[in-house]
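Biologist: I would like to learn how to read a protein model. Could you take me through this one feature by feature?

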Amino acid sequence: GPGGLSGNTQVSSALVKLLEKGASGYTWVAATEGSQEAAPLELATGGEPVMAIGGFNGTDPAPTLAEFKVLVAEHKIHYYIGANSQSFGGGRGSSAITSWVASHFKKETVGSSTVYDLTQAVSL
């Protein structure tokens, strides 16, 4: 039957390993849109902090793009993660952050999630 408010809450073991590697060096191991996407990641990693951009459902204007850029420049967030390779970039409250990340960082697919390493900018 129907489950919670969001989609898949399963996190691949490959993604868990990626997030856990070097986690202690960051304030947030990852950032993603909304707490419904962040919660499964945080639970799967045993409580490693995951930033819920846009609050509960991703529509709140927090953090702003400018604030997010500062956190990335300060190496406080390791990865930006989409819900899965099909849903990343869905817009809503974090569309400016999503667009900036997509145009400045290399993406890879881990499990079914699109992952951007925020420490590895692409050459423009």
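Predicted model: local features only at pLDDT ≥ 70, side-chain atom pairs only at ≥ 80, totals over all residues.

Biologist: What percentage of the residues count as buried?

Modeller: Buried means under 20% relative accessible area, exposed over 50%, and partly exposed in between (1.4 Å probe, protein chains only). In this chain of 124 residues, 36% count as buried.

Biologist: Now the sheet, please. In which order do its strands lie?

Modeller: Strands of a sheet pair through backbone hydrogen bonds, either parallel or antiparallel. Two strands are counted as a pair if DSSP finds at least two bridges between them. In this model, an open sheet of five strands has the order β2-β1-β3-β5-β4, and its pairing is mixed. The edges are β2 (50-53) and β4 (105-110); each has a single partner strand, so one side of each is left without a neighbour in the sheet.

Biologist: Where can I see the parallel and antiparallel cases?

Modeller: For parallel, look at β1 (residues 28-33), which four bridges join to β2. There, A31 stands opposite M51 in β2. For antiparallel, look at β4 and β5, which pair over five bridges. In that pair T109 stands opposite T114 in β5.

Biologist: Which strands does helix α4 lie across?

Modeller: Contact means heavy atoms within 4.5 Å. Axes are lines fitted to C-alpha atoms, for helices over the stretch in contact, and angles run from 0 to 180 degrees between N-to-C directions. Helix α4 (residues 95-104) lies across β1, β2, β3, β4 and β5 (113-121), and runs at about 95 degrees to β4.

Biologist: And what are the buried residues of α2?

Modeller: They are Q36, A38, P40 and L41. These buried residues pack against α1 (13-20), β1, β2 and β3.

Biologist: How many residues does the largest nonpolar core have?

Modeller: A nonpolar core is a set of buried Ala, Val, Leu, Ile, Met, Phe, Trp, Tyr and Cys residues joined through side-chain atoms within 4.5 Å. The largest one here has 14 residues, and F68, I77, Y80, V101 and L118 have the most contacts inside it. At least two residues of this core come from each of β2, α3 (65-73), β3, α4 and β5.

Biologist: How many aromatic pairs does the structure hold?

Modeller: Rings of Phe, Tyr and Trp (its six-membered ring) pair if their centres lie within 6.5 Å; planes under 30 degrees apart count as stacked, over 60 as edge-to-face and the rest as tilted. The structure holds three such pairs. One of them is F68 with Y80, edge-to-face, at 6.0 Å centre to centre and 85 degrees between the planes. This pair links distant parts of the chain, with F68 in helix α3 and Y80 in strand β3, 12 residues apart. F68 is buried at a relative accessible area of 0%, and Y80 is buried at 2%. W100 and F105 make another edge-to-face pair, 5.4 Å centre to centre with 75 degrees between the planes. Together, F68, Y80, W100 and F105 form one aromatic cluster.

Biologist: Last topic: where is H75 found, and what is its phi near?

Modeller: Most residues other than glycine have a negative phi, and most peptide bonds are trans. H75 has a positive phi, near 55 degrees, although H75 is not a glycine. H75 is found in the loop between α3 and β3 and is partly exposed, with a relative accessible area of 47%. For glycines with a positive phi, look at G111, near 65 degrees, in the hairpin of β4 and β5, which has two residues between the strands. G46, which follows α2, also has a positive phi, near 75 degrees.

Methods. Residues numbered from 1 in each chain as written. Heavy atoms only, no water.
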